[in-house]
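Please look over the sequence and the model below before reading on. The paragraphs that follow go through the strands and then through single residues.

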Amino acid sequence: MSYVDEILERVAKENPGQPEFLQAVTEVLESLRPVISRNEDLYRRDAILERLTTPERSILFRVPWIDDSGKVHVNNGYRVQFNSAIGPYKGGLRFHPSVNLGVIKFLGFEQVLKNSLTGLPIGGGKGGSDFDPKGKSDREVMAFCQSFMTELYRHIGPDTDVPAGDSGVGGREIGYLYGYYQRICNRYEGVLTGKGLTFGGSKARTEATGYGLLYLTEEMLRCNGHTLSGKTIAVSGAGNVATYAIEKAEQLGAKVVTCSDSTGWIYDPEGIDVALLKDVKEVRRARLTEYAKARPSAVYHEGRGVWTVKCDIALPCATQNELHLEDAQALVANGVIAVAEGANMPTTLDATKYFQDHNVLFCPGKASNAGGVATSALEMSQNSERLSWTFEEVDAKLKGIMVNIFHNLDDAAKEYGMAGNYVAGANIAGFLKVVNAMLAQGIV
C-alpha cells in the first residue's frame, strides 16, 4: 500500500463522523501523490503525513452565557492549533450552529496550506463555536464573547496564536472579544486581527477576502487568454466575502447578477446594487427579500438556485459543500469558463473533478480566498511596528500577494506535469514550504 493510501485509511479510522475533515485531507493528499512518491522513504521515515494531518493541539471547552431573559445557555467552544512550522497559528473563529470539531479541523487543515501560500510567516489554526449570533441582541452577543474569551485567552498570544473573524464573527464580535482579552490580560497587543480601525485594525481588512478573490481570478483569466471586464458573474453568499467580491468585480468591469443567503437567492440582470446589498445585510441585518423589495429589477427565489443562472464565471462565497455535481453540470452547460472559490471548500469533490474534466479554470479556496488571512498578517505587522498603513498601501500589497499566489501554484502544477490543475498546484506549493520547515525542525 502506498504511503498516501495508508494515511487516508488512518485518517478515516481515527476521525469517524468528521466527513468535512476527511474530504479536505483526501483532496489534498490525492493531488500530492506525485510529490510524495518522489520522497516517499524520507516522508514515511519522519511520519510527515501523520504529523501534517494531526493537529498539534485541539482545545475543547464549554461556553456558558446568560440571555436577556436571564436563562443560562451552554455552547461548545473550539480552538484547533494545527501546525506552527512556519509561524504562529493563524486562522479565524466561526460562530455558527453547524460548527463541530470535524468542521474546525477541516478549516484548520486547509488554513495550514492557505497560509503557506501567502508567503507570509504564519502557521495554521481555526476555532469557533456552535453559538448562533443571528437574532441575538448586542448584549447577548457580548455575554457570549466574553465567556468564550474567558477560556480562549489561555491559549492565544501575538507570537503564539492570532485568531481573526470568520462566518458569524465580524467587527462587533471581534471588538467584544478583544476588549475582554485586554481586561483579563492587562495587555494591549495584536492578539486578534480584524479589529476596528480605532484600536489597531488594518485598512482594507474588511474588503480583503473578496478583493483578493478577484485579483487572483483576474490574473488566472489573463494568463489563460481571457479578461475579466465584460464578463457575467454568479456569486453565492451575501456576507463579507461575497459583498466585497461583488464590489471589486464591478469595479473591474464585470457584471454580477446573483447573491444568496441562508433562505434564498437574488437574480438581478441589471447587476447587483452593492450599496443596497450593504444596507440590507450590514446595516439592517435583514434577509434578501428586503433587497428585492427595494430593487425593481431583482427577483427573489426561495432555496437554492444560484448556479442555474447563465454566467461566464462562478464565485462560490457562502459555505462548504454548497456547489454540487448537478450545479457544476448546469454551469458547464451554460458555458462557464472559470470558477474560483471564495469560501472554504465550497465545491464538492465530484463537482471539482467535473469542472476539471470539462476544461473549466478552477482555483481552490486555499489559494483564491487567501486575501483575508494575508491582510490579517499585514495587520499583525502593523501592530508589531505600531504603525497604520493607508488603504492604498494595504490594497497594493494584497494584490501583489494574490498575483504571486497564482503564479506559485501555476508553476508548481507545471513542475509536476499537471499544467492547468490549480488544485494540485496550490496543494503542492503550500505543502512543500510547510514540509521543508517541519523537516528542518526535527521531530516535534
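**Strands, side chains and salt bridges**

Strand β6 (residues 232-236) and strand β11 (residues 313-316) run parallel and are joined by four bridges. The model is a predicted one. Both strands belong to an open sheet of five strands with parallel pairing, in the order β7-β6-β11-β12-β13. The edges of this sheet are β7 (255-256) and β13 (361-363), each of which pairs on one side only.

Another place to look is strand β4, which spans residues 123-129. Strand β4 has pairing partners in β2 and β3. With β2 the pairing is antiparallel, and six bridges join the two strands. With β3 (residues 89-95), β4 pairs in the parallel sense over five bridges. Individual bridge partners can be picked out in both cases: valine 80 has lysine 126 as its partner in β4, and phenylalanine 95 has serine 129 as its partner in β4.

How many of the seven residues of β4 are buried? Seven of the seven are, so the strand is largely enclosed by the rest of the structure. In a regular strand, side chains alternate between the two faces of the sheet. In β4 both faces are covered. Gly123, Gly125, Gly127 and Ser129 are buried on one side, and Gly124, Lys126 and Gly128 are buried on the other.

The side chain of lysine 126 makes a polar contact with the side chain of aspartate 166, at 3.2 Å. Leaving out residues up to four places away in sequence, lysine 126 also touches Arg79, Val80, Gly91, Gly92, Ile104, Leu107, Gly108, Gln111 and Asn344, among others.

Strand β2 (residues 72-83) also contains valine 74. Valine 74 has a relative accessible area of 55%, which is over 50%, and therefore counts as exposed. Together with Ile66 and Val72, Val74 makes a nonpolar surface patch of about 270 Å².

Serine 116 lies in helix α6 (residues 101-117). Its relative accessibility is 4%, so serine 116 counts as buried. Setting aside neighbours within four places in sequence, serine 116 is in contact with Ile86, Ala429, Gly430, Lys433 and Val434.

The other example is valine 280, in helix α11 (residues 274-283). Valine 280 is at 0% relative accessibility and so counts as buried. Which residues does valine 280 touch, not counting those up to four places away in sequence? They are Arg285, Ala286, Arg287, Glu290 and Tyr291. For valine 280 and tyrosine 291, the separation in sequence is 11 residues, and the C-alpha to C-alpha distance is 6.4 Å.

The structure holds 28 salt bridges. In one of them, the side chains of glutamate 290 and arginine 284 meet at 3.7 Å, N to O. Salt bridges with shared partners join Asp279, Arg284, Glu290 and Lys293 into one network. Glutamate 290 is at 24% relative accessibility and arginine 284 at 38%, so both count as partly exposed.

The side chains of glutamate 173 and arginine 172 meet in a salt bridge of 2.9 Å, N to O, and both residues are buried. Glutamate 189 forms a salt bridge with arginine 187, with the closest N and O atoms 3.0 Å apart. Here the two partners fall into separate classes: glutamate 189 is buried because its relative accessible area is 18%, whereas arginine 187, with a relative accessible area of 41%, is partly exposed.

Notes. Residues are numbered from 1 along each chain as its sequence is written. This is a predicted model: local features need pLDDT of at least 70, side-chain atom pairs count only at pLDDT 80 or more; totals for chains, interfaces and linings use all residues. Side-chain values use heavy atoms; hydrogens and water are left out. A polar contact is a pair of N or O atoms within 3.5 Å; within protein, one must be able to donate a hydrogen and the other to accept it, and residues adjacent in sequence count only if both atoms are side-chain atoms. Contact means heavy atoms within 4.5 Å. A salt bridge is a side-chain nitrogen of Lys or Arg within 4 Å of a carboxyl oxygen of Asp or Glu. Buried means under 20% relative accessible area, exposed over 50%, partly exposed in between (1.4 Å probe, protein chains only). Patches are made of residues with over 30% relative accessible area and no salt bridge: like charges are joined within 9 Å, nonpolar side chains (Val, Leu, Ile, Met, Phe, Trp, Tyr) within 5 Å. Accessible areas come from the Shrake-Rupley method with a 1.4 Å probe; for residues, only the protein chains shown count as cover. Two strands pair if DSSP finds at least two bridges between them.
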